[in-house]
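I opened my notebook to record what I looked up in this model. My entries follow in the order I made them.

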Amino acid sequence: MSICGHLDRIELRELPRAVEGCEDCLRIGGKWLHLRICLTCGHVGCCDSSPNRHATAHARDAQHPIIRSLEPGEDWSWCYADEVDFVVREITGSTRIPPSPLGG
């Protein structure tokens, strides 16, 4: 069984009440499919099925290894460095997100 070795990098303990969408797509006029949040700094980016893959770009550029899905009904997290998924039970709250501009 693979285990994430970066749990000490998690600083976000409560999800925001609402987000407007992928921060980077909103800035450049892009479109996203699914939203992810960085558990180190709270940056909201789009998934790898989105055209711009902003969550992965943020993880790479900022060296913040763990994201969590913001999609309704999903509570999984992903560590890019260790390539494992898991659930962080200590994170509380839920986030209202807008509909995907790509219809997902």
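**Entry 1: a histidine in a loop**

Which side chain does a polar contact of 3.3 Å join to that of His 64? I found His 58. A polar contact is a pair of N or O atoms within 3.5 Å; within protein, one must be able to donate a hydrogen and the other to accept it, and residues adjacent in sequence count only if both atoms are side-chain atoms.

I noted what I was reading: this is a predicted model, where local features need pLDDT of at least 70 and side-chain atom pairs count only at pLDDT 80 or more, while totals for chains, interfaces and linings use all residues. Residues are numbered from 1 along each chain as its sequence is written, and side-chain values use heavy atoms, with hydrogens and water left out.

Next I placed the residue. His 64 sits in the loop between α2 (54-62) and β3 (66-69). Helices (H or I, at least four residues) and strands (E, at least two) are DSSP runs, numbered from the N terminus.

Is His 64 buried or exposed? His 64 is buried, because its relative accessible area is 14%. Buried means under 20% relative accessible area, exposed over 50%, and partly exposed in between (1.4 Å probe, protein chains only).

I then listed contacts (heavy atoms within 4.5 Å). Leaving aside neighbours within four places in sequence, His 64 touches Arg 9, Cys 38, Thr 40, Cys 41, His 58 and Ala 59.

**Entry 2: the helix before that loop**

I moved back to α2. His 54, Ala 55, Thr 56, Ala 57, His 58 and Ala 59 are buried there. Their cover includes α1 (23-28), β1 and β2. Gln 63 follows α2 and has a positive phi, near 60°.

**Entry 3: the sheet**

What is the order of the strands in the open sheet? I read β2-β1-β3-β4-β5, 5 strands with antiparallel pairing. The edges are β2 and β5 (84-87); each has a single partner strand, so one side of each is left without a neighbour in the sheet. From one strand to the next, the twist averages 35°. I also saw that α2 packs on the sheet, touching β1 and β2, and that its direction makes about 125° with that of β2. Axes are lines fitted to C-alpha atoms, for helices over the stretch in contact, and angles run from 0 to 180 degrees between N-to-C directions.

Then I took β1 (residues 35-38) alone. Two strands pair if DSSP finds at least two bridges between them. β1 runs antiparallel to β2 (residues 44-46), with 3 bridges. β1 also pairs with β3 over 3 bridges, again antiparallel. Ile 37 stands opposite Val 44 in β2. Arg 36 has Gly 45 as its bridge partner in β2, and Ser 69 stands opposite Arg 36 in β3. The hairpin of β1 and β2 has 5 residues between the strands, and Gly 42 in the turn has a positive phi of about 85°.

Both faces of β1 are covered: Leu 35 and Ile 37 are buried on one side, Arg 36 and Cys 38 on the other.

**Entry 4: the core**

Which residues have the most contacts inside the largest nonpolar core? They are Leu 35, Ile 37, Leu 39, Ile 66, Leu 70 and Phe 86, in a core of 21 residues. β1, β2 and β5 are the elements that give two or more residues to this core. A nonpolar core is a set of buried Ala, Val, Leu, Ile, Met, Phe, Trp, Tyr and Cys residues joined through side-chain atoms within 4.5 Å. Beyond four places in sequence, the contacts of Leu 35 include Val 19, Val 44, Leu 70 and Ile 97.

**Entry 5: salt bridges**

How many salt bridges does a search of the whole structure find? I got 3. A salt bridge is a side-chain nitrogen of Lys or Arg within 4 Å of a carboxyl oxygen of Asp or Glu.

- Arg 27 bridges to Asp 24, with the closest N and O atoms 2.3 Å apart. Being 3 residues apart in helix α1, they are separated by about one helical turn. Arg 27 is exposed at 61% relative accessibility, but Asp 24 is buried at 13%.
- Glu 74 bridges to Arg 36, with the closest N and O atoms 4.0 Å apart. This pair links distant parts of the chain, 38 residues apart: Glu 74 is in the loop between β3 and β4 (76-79), and Arg 36 is in strand β1. Glu 74 is partly exposed at 33%, whereas Arg 36 is buried at 10%.
- Arg 60 bridges to Asp 61, with the closest N and O atoms 3.2 Å apart. Both Arg 60 and Asp 61 are exposed.
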